[in-house]
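The structure is shown below.

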Amino acid sequence: MEGIEHRIIVVNGINMHVAEKGKGPSILFLHGFPELWYSWRHQINAFASLGYRALAPDLRGYGETEAPGDASRYTYLNVVGDLIGLLDVVAAEEEQVFVVGHDWGALIAWWLCMFRPDRVKALVNMSVVFNPRNPYGKPLETLRAVYGEDYYICRFQEPGVIEAEFKERGYERILKGFFTYRTPGPLLLPKRKCFGHPDTPVSLPLWLSEE
């Protein structure tokens, strides 16, 4: 990861960490859950070598970016506002940037395009299709009805509950479970049964080293 620079920038009322490399038209890379800027390390180097400037922040609540304690400060408006504030500082000379999103980052990228199309030159999104707002039902209610209470997003609704389970099972075990999950279909986290028995070894894929 030689040549990748890191800095903390005050945007939208929080401290945001961003990794960057290269010179040229900017590409904003938005990571998924539970990930960091680090997920884009290979793309950062590849696109920097092709004459682009790669920007990969830790999104609000992740990594070295500030994590406000109040859940109401994680709306689409908040997170998109973070990105606009970031671009105002690191890409102030550019009217528009390329955007690449994955998973949670893809969801945010869709809303970035909806709220501020004037700042986006082109979009590449992976794994999350665009879902327009449904006036007849709230997202959480719909997820519960379709997937049940064990669906991972539903499990994160009561502060401290699933975090306590993660602590009990061990954070390393939980992260390996997320990164090696291969079951087709919705991600389910049954209570006290997340990713199997704690003593069962996790087999890492060839592309993911222990380091």
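Which element supplies the largest share of the lining of the second largest pocket? That share, four residues, comes from α7. The structure is a predicted model, in which local features need pLDDT of at least 70 and side-chain atom pairs count only at pLDDT 80 or more, while totals for chains, interfaces and linings use all residues. Residues are numbered from 1 along each chain as its sequence is written, and side-chain values use heavy atoms, with hydrogens and water left out.

**Second largest pocket**

- The second largest pocket has a volume of about 780 Å³, the volume being the space filled by probe spheres set on grid points that are joined across faces, edges and corners.
- A pocket is defined on a 1 Å grid over the protein atoms alone as an open set of points where a 1.4 Å probe fits, with protein on both sides within 12 Å along at least five of seven lines; lining residues have an atom within 4 Å of a point.
- Among the 21 residues that line the second largest pocket, Y38, R41, F179, W207 and L208 are the closest to its centre.
- At least two lining residues of this pocket come from each of α1 (41-49) and α7 (171-179); helices (H or I, at least four residues) and strands (E, at least two) are DSSP runs numbered from the N terminus.
- The lining comprises 10 nonpolar, five polar and six charged residues, where Ala, Val, Leu, Ile, Met, Phe, Trp, Tyr, Cys and Pro count as nonpolar, Asp, Glu, Lys and Arg as charged, and the others, Gly among them, as polar.

**Salt bridges around E20**

- The count comes to 10 salt bridges, each defined as a side-chain nitrogen of Lys or Arg within 4 Å of a carboxyl oxygen of Asp or Glu.
- One of them pairs R7 with E20, with the closest N and O atoms 2.5 Å apart.
- R7 belongs to strand β1 (residues 5-11) and E20 to strand β2 (residues 14-21), so this pair ties together parts 13 residues apart in sequence.
- R7 is partly exposed at 34% relative accessibility, whereas E20 is buried at 8%; buried means under 20% relative accessible area, exposed over 50%, and partly exposed in between (1.4 Å probe, protein chains only).
- E20 also forms a salt bridge with R53, at 2.8 Å from N to O.
- This second pair links distant parts of the chain, 33 residues apart, with R53 in strand β4 (residues 53-57) and E20 in strand β2.
- R53 and E20 are both buried.

- R144 and E149 form a salt bridge in which the closest N and O atoms are 3.2 Å apart.
- R144 is partly exposed, with a relative accessible area of 32%, and E149 is partly exposed at 49%.
- Through shared partners, salt bridges join R7, E20 and R53 into one network.
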